[in-house]
Protein chains: 2
Amino acid sequence: MADQKKLDLYKSLMHRIADINYSSAVLQWDQEVYMPAKGSTARSSQLATLAGIAHTESTSEELGDVINDLLNDESVDGKDRRNLIESKRNYKDRLKFTKDFVVKMSREVSDAFNAWQRAKKANDFSLYAGNLEKLVALKLEECEMLGYTDHPYDALINQHEFGATKESLDRLFGDVKDQLVPFVNRVLDEEPPDSSFIYHHYPKNDQWKFGIRLLEHMGFDFKAGRQDISTHPFTINFSANDVRVTTRINEDDLSEMIWSCIHEGGHALYEQGLPADDYGLPSGEYLSLGVHESQSRLWENNVGRSYDYWEHNYSTLQNIYPKNLSTVSLNKFYRGINKVQSSLIRTSADELTYHLHVLIRYELEIALIEKQIAVKDLPGEWNKLYKKYLNIDVPSDSKGVLQDVHWSHGSFGYFPTYSIGSFLAAQFFNKAMEQIPGLKADIRSGKSATLKKWLNENIHALGRQYNAEELCVKVTGEPLNLRHFMDYTRQKYCGLYPGLEG
Amino acid sequence: MADQKKLDLYKSLMHRIADINYSSAVLQWDQEVYMPAKGSTARSSQLATLAGIAHTESTSEELGDVINDLLNDESVDGKDRRNLIESKRNYKDRLKFTKDFVVKMSREVSDAFNAWQRAKKANDFSLYAGNLEKLVALKLEECEMLGYTDHPYDALINQHEFGATKESLDRLFGDVKDQLVPFVNRVLDEEPPDSSFIYHHYPKNDQWKFGIRLLEHMGFDFKAGRQDISTHPFTINFSANDVRVTTRINEDDLSEMIWSCIHEGGHALYEQGLPADDYGLPSGEYLSLGVHESQSRLWENNVGRSYDYWEHNYSTLQNIYPKNLSTVSLNKFYRGINKVQSSLIRTSADELTYHLHVLIRYELEIALIEKQIAVKDLPGEWNKLYKKYLNIDVPSDSKGVLQDVHWSHGSFGYFPTYSIGSFLAAQFFNKAMEQIPGLKADIRSGKSATLKKWLNENIHALGRQYNAEELCVKVTGEPLNLRHFMDYTRQKYCGLYPGLEG
């Protein structure tokens, strides 16, 4: 018999660490959504104090000992053992960080973030280059602290997508270059559809209400979550029963609100679908950023940009905005919202060119980590790659190398998870289509419950009981394979662009 | 020379404790303002964990030692010494609490608050009685843990109003019964003014905007705070630079929003006026609940229910609601908003009968603490006292014993500070009138800055450098004396009710 008292101690220590981390999350949510400007100084201090406490508690000897003791007890098996293995891995990783390093990193990140904001506003990369140089140096130090077998980048990607390596990403982005890039180029040669109706004036209040309706329609539980407005849409959770999404509303671009709502809604369904009873344990937490993103992308793209989805939802939207949309047919709407085009900004890119934006960031991160380029070379290299892959001239660093917040947060090895998520989404969605009889018809008639149930059972409820590759194999029968995304892409876009068939 | 290193350590430990407590405050604010219903279980756990951590840190040997060392160092003087004396008193009090007790209390409070919300909504005291019984038992335990000389209630009131005792409150409420109650009865015999215009339909959005305008007009800094909606209006702060007020809007009762805005605004000006550099130190914190309430009541009543105040603000209100108010003269408005009447709900009571509501709660709390009554008797006893003091029948527990949140928060010995605050407010305001040349004219012409400055300098900036009685003597030349409130009351209400002169 497993030592129940020890198991309870392990769980209560994990629960306690979760309490502290989720408290920080509430403070972060408030900071992004409601905090008044002058509150920032005290808020930084409050967050730093909580982070310090969380670090202390999650590297305590007591926790390390109870994990080891339980793992040495052969009667501890099943979910408990999987939780303990995962907890041990995280514990060991956290122990590798010295407190000095954590403090230094936190200070540099805070400085770099502020510098990035100024630089972006002033369109002047040089205001930020020094900070970014320091951060890159610290990240290299971090790689050495954490350790890796083949490539320092493995230590970075591994923190977001356990099991992924530079080698596996090279393979994946190799496939992207071989299969997706030429296909995108063929699409870009076609006559583009008209999407001008997206940019008419769409008053805010009605957009807000429509977004809430879309979330309800997906099955987002408003008794276990809410939506608010923020500059950058995000999802954050304080338990499976308190999941917050945010959106932004641009009155002159209907697409921002709609697909950010659906995207964040997909993230939120994952969090709401995690087993609430496993609060604080790996089995109660999301698996990886790639799997998280697969849930948002599946809803945003595979569902939310499909003809079937709008067959149900479009008439509602037309009724809300008759002036803008009564003369736009469903078919025209569908073509417009799926327009493929070279563009400067990743977050507003279509679902195909999006991965070229990610590819560019991946190549630059590798070059930085391998010291093939220096931080000062970034703007030039960025612009070269945008010319190479998207055939577009970058008019300013604000719309180029300064557009993303990630590097200023010290997040390297993060961007690739966006592509992993999209590709996984296609693979999951194909399997769902296979396993759910009448899924297409359900989506066409506005029934989201069958899909949500399938995702709940096959992905959400499992928490972190498997690693990403195991989950992918369990659900789809094979590891991540770009073929599924390419099949989805070819089928959809050959329909949208008849010229491609030739 | 004082040991600067020790002083810095003391301050950094206090800063850290403040970080944890203010983090809890953010979680509490969110709980009352935005948290979805199902979030409550995890939130209770998060708050309990933070409360436990705050308790550990604020009872650490390190903190106790550094406070004692510094107090033994004669070169430590002035504000530093006063902070240390106050910190030592709090430290000793907290040492009396076991960590188990603190965590238990925090969890019971969260549960009781949720139960109270459900019970109030369902008008069913029994949904909450069990939680309240547990809380009362815990409070009795708390009295014994904290210790007291004369009466267990002293241990409760002392936490909110250091220096006050059951004996001093019996004296104060004795004066209320001798002086205020007969005066109120005389007022209630007079022909009441017409206040029906208050209960016309006042659409929500315009009320919200007018409330924001009133806050701006008082000098509330919206870069260091914000207003939201909650069931029960309150003020909470996460630093002097992040002060949150809430209000509620009743479309069929204009008075709820207006005087809750002004009231909470008064609290907020106090918090925003505390010295931000003393974050976490007694000198950076409010003095007592009574003094806090003096700031809200001064604005709400002495300013916000005065003829002078509305001479400036009334035309704006009339312009917003011409249909309801264009035929209501300023004089009629002034008389209507100061109508004295027996009523059920404390928070919407006029400024005179208000203290009878407090008196009732005071008597019930004493009876509970002395075990003369049990929790299950509360609804009946409540109703009896409303009959006795206000000659009014309570139609439902939602409008009776379930109306206030306080007991569900474990706040006993809290209500009396509302009366203390009102009486202090009259005493402070009399002194302000004496010391600020042209204050009446300033209020008449909409200038709030002179009064705000006087309060900032004489009260807010001092934090907890004096105790309440010392402050009262420092500012007004004598300790709290009901005479000032009675003078204010007689002068104002004899003007409003000419029959009273006889």
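This is a predicted model: local features need pLDDT of at least 70, side-chain atom pairs count only at pLDDT 80 or more; totals for chains, interfaces and linings use all residues.

Student: How many salt bridges does the structure hold over all chains?

Tutor: To count a salt bridge, one looks for a side-chain nitrogen of Lys or Arg within 4 Å of a carboxyl oxygen of Asp or Glu. Over all chains, the structure holds 69 of them. One joins A:Glu381 to A:Lys384, at 3.1 Å from N to O. Both residues belong to helix α16 of chain A and lie 3 residues apart, about one turn of the helix.

Student: Are A:Glu381 and A:Lys384 buried or exposed?

Tutor: Exposed means over 50% relative accessible area, and partly exposed lies between that and the 20% limit for buried. A:Lys384 is exposed because its relative accessibility is 54%, whereas A:Glu381, at 22%, is partly exposed.

Student: Which residue forms a salt bridge with B:Asp194?

Tutor: The partner is B:Lys332, with the closest N and O atoms 3.0 Å apart. This pair links distant parts of the chain, 138 residues apart: B:Asp194 is in the loop between α8 and α9 of chain B, and B:Lys332 is in helix α14. B:Asp194 is partly exposed at 35%, and B:Lys332 is partly exposed at 33%.

Student: Which residues are linked in a network of salt bridges?

Tutor: Such a network links A:Asp30, A:Arg43, B:Asp242 and B:Arg244.

Student: Why does B:Thr49 count as buried?

Tutor: Buried means under 20% relative accessible area. B:Thr49 is buried because its value is 10%. This residue is found in helix α2 of chain B. Beyond its neighbours within four places in sequence, B:Thr49 contacts A:Arg16, A:Asp19 and A:Ile20.

Notes. Residues are numbered from 1 along each chain as its sequence is written. Chains are lettered from A and ligands numbered from 1 in the order in which they are written. Side-chain values use heavy atoms; hydrogens and water are left out. Helices (H or I, at least four residues) and strands (E, at least two) are DSSP runs, numbered from the N terminus. Buried means under 20% relative accessible area, exposed over 50%, partly exposed in between (1.4 Å probe, protein chains only). Contact means heavy atoms within 4.5 Å.
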